[in-house]
Amino acid sequence: MSDLQRKPVADVGLIHDISPDDAGWGYVGFAVHRLSDGQLVSELTGDREVILVLVEGKAQVSAGGTDLGKLGERMDVFERTPPACVYVPNGSDWSVAATTDCTLAVCSAPGHGKHDVQVIGPTGITLEERGTGTNQRFISNIAMEGRDVADSLLVTEVFTPTGHWSSYPPHRHDEDDFPNMTYLEETYYHRLKPSQGFGIQRVFTEDGSLDETMSVANHDVVLVPKGHHPCAAPYGYEMYYLNVMAGPIRKWRFKNHPDHDWIYKRDNP
């Protein structure tokens, strides 16, 4: 199995805990907790900012000494409704007490103290359609640069219908060359419906120094340190993924693969 593909380490509890050191890069951290009703998880943020995403389920959430109340409306991620999300700055703390079975994603990156604790979803998040034909997918921009809600983090959800491609045409953001491109590390947290399904993700560079094609299962995480990273959902299965990106600057600038850019230009004349 590719070093870029991470299988959950358990069925319940902390199923992923990917630090920058573990990933071999400098910015993105990502964890997933699968909690039962009544379970509590809490952390100090240290020098990192955090965006908590209730992928599904309900929980009582506190951050920075503030009780944010009971959050969460989406009980199944494939409802395609916006998620409950909370921003927590560096030098702070958070706690989540599940009030139903729930899946909690913890997205982290270096914080600079420019933002305060705030609930950033579901209010303010809308589902947007992108692409045409079998490249059609649906995006919930939780914390992309159009929303000034974080110092470093860029976070988004993508719903890919059965038989469709996503993160396509292939594109990369692995050079610190703003405004032409930004260096952004990225994680993909995958879910499949029905859950026994699989998806395909390829991570590859134009010079061939990296070329990995992975069969991803429900709850797998894929690391994208560089290169292009398209994925696809086979017929009969829907794919969801939660993207976390971060780098030197909080901008998303990418370049399509030169061999496949004609697809983007045709669909976006």
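Proline 194 sits in the loop that links strand 17 with strand 18 (199–204); strands are DSSP runs of E with at least two residues, numbered from the N terminus. The model is predicted, with local features taken at pLDDT of at least 70, side-chain atom pairs at 80 or more, and totals for chains, interfaces and linings from all residues. Residues are numbered from 1 along each chain, and side-chain values use heavy atoms, without hydrogens or water.

The bond between lysine 193 and proline 194 is cis, with omega at about -10 degrees. Another cis peptide bond connects tyrosine 168 to proline 169, where omega is about 5 degrees. Proline 169 belongs to the loop between strand 15 (165–166) and strand 16 (171–172).

That loop also holds serine 167, a non-glycine residue whose phi is positive, about 50 degrees. With 23% relative accessibility, arginine 80 is partly exposed (between 20% and 50%).

Turning to pockets (open sets of 1 Å grid points where a 1.4 Å probe fits, with protein on both sides within 12 Å along at least five of seven lines; lining residues have an atom within 4 Å of a point), the largest has 29 lining residues, with Arg130, Arg137, His171, Trp252 and Phe254 nearest its centre. Strand 17 is among the elements giving two or more residues to this lining.

Definitions and conventions:
Helix = DSSP H or I, 4+ residues; strand = E, 2+ residues; numbered from the N terminus. Buried < 20%, exposed > 50% of the residue type's maximum accessible area, 1.4 Å probe, protein only.
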